[in-house]
Amino acid sequence: MADKVTRVHDQFHAQVVSCHGRHHFVRDESGKLYEARRRGKKGDVVVGDEVLCSAVYDNTAAIDAINERSSLIFRQDEWRTKTLASNIDSLVIVYASHPRFNPWFVWKALLAAHAAGVRPVIIRNKTDITEGAEDAERFLESLKTLGYETHALSAERADKETLTELDNIFNNHRSLLVGQSGMGKSTILNLLVSDANAKTQAYSEALNLGRQTTTVTTLYDLDRAPGFVIDSPGFQEFGLAHLKASDVIAAMPDIASHTGGCRFANCRHLKEPGCSVKEAVEAGQISLERYEFYCAVIASLDKQPSW
């Protein structure tokens, strides 16, 4: 029989640790879990939120208010952009040589990290796999040249060196872990949090989701140090609609470093004559694929940039 809540009308502070639609789990300052719902019809609660709750009964609670967030990451599907996670300080992006990775996924993640003001980290996983290894390593080197923090490891090996490197990346940070399907993200999570699978399954069963554990975004405390990691399986696209063109350029150092010589002060580096960015592309100083990515992102923005 579930423990009854004694503070039926009391308010308490909590952290949102799991979300599925309008169903949430929150954790109070003592670590006690409550199944919670937002008051009214608002759907604005995300994992990582610090919230004010009212206890109700049988370990359930109502979310009354959301505290101010220090950061916010968005996800996007075919129809809309939605909030994904809040109050993180690191966005850790995982890719691997097999299955084949999409560079644009990583680049969009870097734009999202810059917009949120959080530390981006890129992990090339599955270094023990030879298939596609040359392309994967070349891509990592290109990211390193752009000034990003990069790591190469094999989470499947799980040796002492790998654990130390993962601890250096995640410990004492509040991280969101992202990556395309099959990149070994779950293996990394399980090295950081020994009971991650058990917790995910427990949340899923409590919300009557059956086997649909991949739809539950969940926050986990790290095993070996302060901090947490948020995992969101099935997350495939970043919400960038809130960005301006100037935000995109600021987050792309290879583009930004060539914007000073354009003929027009309001050059968008697309079809304008006398564009120093396009000249740099033609000279091989900016890769054609990076420039095509820039053009595609600008084209996807709903509003014209403010300069």
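Modeller: Before we start, a residue is called buried when its relative accessible area is under 20%, and exposed when that area is over 50%. Please also keep in mind that this is a predicted model.

Biologist: Fine. Which residues of H2 are buried, then?

Modeller: In helix H2, the buried residues are Ala133, Ala136, Phe139, Leu140 and Leu143. Looking down the axis of H2, these buried residues fall within an arc of 130 degrees, so they line one face of the helix.

Biologist: And which exposed residues sit on the face of H2 turned away from that buried side?

Modeller: That face carries the exposed residues Glu134 and Thr145.

Biologist: What do the buried residues of H2 pack against?

Modeller: Their partners are strand S8 (90-96), helix H1 (103-116), strand S9 (119-125) and strand S10 (149-152).

Biologist: How far apart are the end C-alpha atoms of H2, and what span should its residues give?

Modeller: The end C-alpha atoms are 18 Å apart, and this agrees with expectation, because 13 residues (133-145) at 1.5 Å a residue should span 18 Å. After H2 comes glycine 147, whose phi is positive, near 100 degrees.

Biologist: Let's move to H3. Which residues are buried there?

Modeller: The buried residues in H3 are Thr162, Leu166, Asp167, Ile169 and Phe170. Down the axis of H3 they fall within an arc of 160 degrees, so these residues too line one face of their helix. On the face turned away from the buried side, H3 carries the exposed residues Lys160, Glu161 and Asn168.

Biologist: What does the buried side of H3 pack against?

Modeller: The buried residues of H3 pack against S8, S9, S10 and S11, and also against helix H4 (185-192) and strand S13 (228-231).

Biologist: What follows H3, and what is its phi?

Modeller: Asparagine 172 follows H3, and its phi is positive, near 65 degrees, in a residue other than glycine. Asparagine 172 is placed in the loop between helix H3 (160-170) and strand S11 (174-179).

Biologist: Is asparagine 172 buried or exposed?

Modeller: Asparagine 172 is exposed, because its relative accessible area is 55% and the cut-off for exposed is over 50%.

Biologist: What about histidine 269, where is that one, and what is its phi?

Modeller: Histidine 269 lies in the loop between helix H7 (253-256) and helix H8 (276-282), and its phi is also a positive value, near 65 degrees, in a residue other than glycine. With a relative accessible area of 2%, histidine 269 is buried.

Biologist: Switching topic: what kind of peptide bond runs from histidine 98 to proline 99?

Modeller: That peptide bond is cis, with omega near 0 degrees. Proline 99 lies in the loop between S8 and H1, and at 31% relative accessibility it counts as partly exposed.

Biologist: What does proline 99 touch?

Modeller: Leaving aside residues up to four places away in sequence, proline 99 touches Lys126, Ser181, Gly182 and Met183. Proline 99 and glutamate 131 are 32 residues apart in sequence, and their C-alpha atoms are 9.0 Å apart in space.

Biologist: Now the cysteines. How many disulfides turn up in the whole structure?

Modeller: A search of the whole structure finds 0 disulfides.

Biologist: Where is serine 18, and is it buried or exposed?

Modeller: Serine 18 is in strand S1 (residues 11-20), and at 0% relative accessibility it counts as buried. A polar atom of the serine 18 side chain lies 3.3 Å from the backbone oxygen of threonine 217.

Biologist: Last one, zooming out: how many helices and strands does the chain have, and what share of it is buried?

Modeller: The protein chain has 9 helices and 13 strands, and buried residues make up 47% of its 307 residues. Of the contacts between residues at least 6 apart in sequence, 66% join residues at least 24 apart. The chain exposes about 15100 Å², with carbon and sulfur atoms supplying 48% of it.

Terms used:
Residues are numbered from 1 along each chain as its sequence is written. This is a predicted model: local features need pLDDT of at least 70, side-chain atom pairs count only at pLDDT 80 or more; totals for chains, interfaces and linings use all residues. Side-chain values use heavy atoms; hydrogens and water are left out. Helices (H or I, at least four residues) and strands (E, at least two) are DSSP runs, numbered from the N terminus. The expected span of a helix is 1.5 Å times one less than its number of residues. Buried means under 20% relative accessible area, exposed over 50%, partly exposed in between (1.4 Å probe, protein chains only). The arc is that of the directions from the helix axis to the C-beta atoms. Contact means heavy atoms within 4.5 Å. A disulfide is a pair of cysteine sulfur atoms within 2.5 Å. Accessible areas come from the Shrake-Rupley method with a 1.4 Å probe; for residues, only the protein chains shown count as cover. A polar contact is a pair of N or O atoms within 3.5 Å; within protein, one must be able to donate a hydrogen and the other to accept it, and residues adjacent in sequence count only if both atoms are side-chain atoms.
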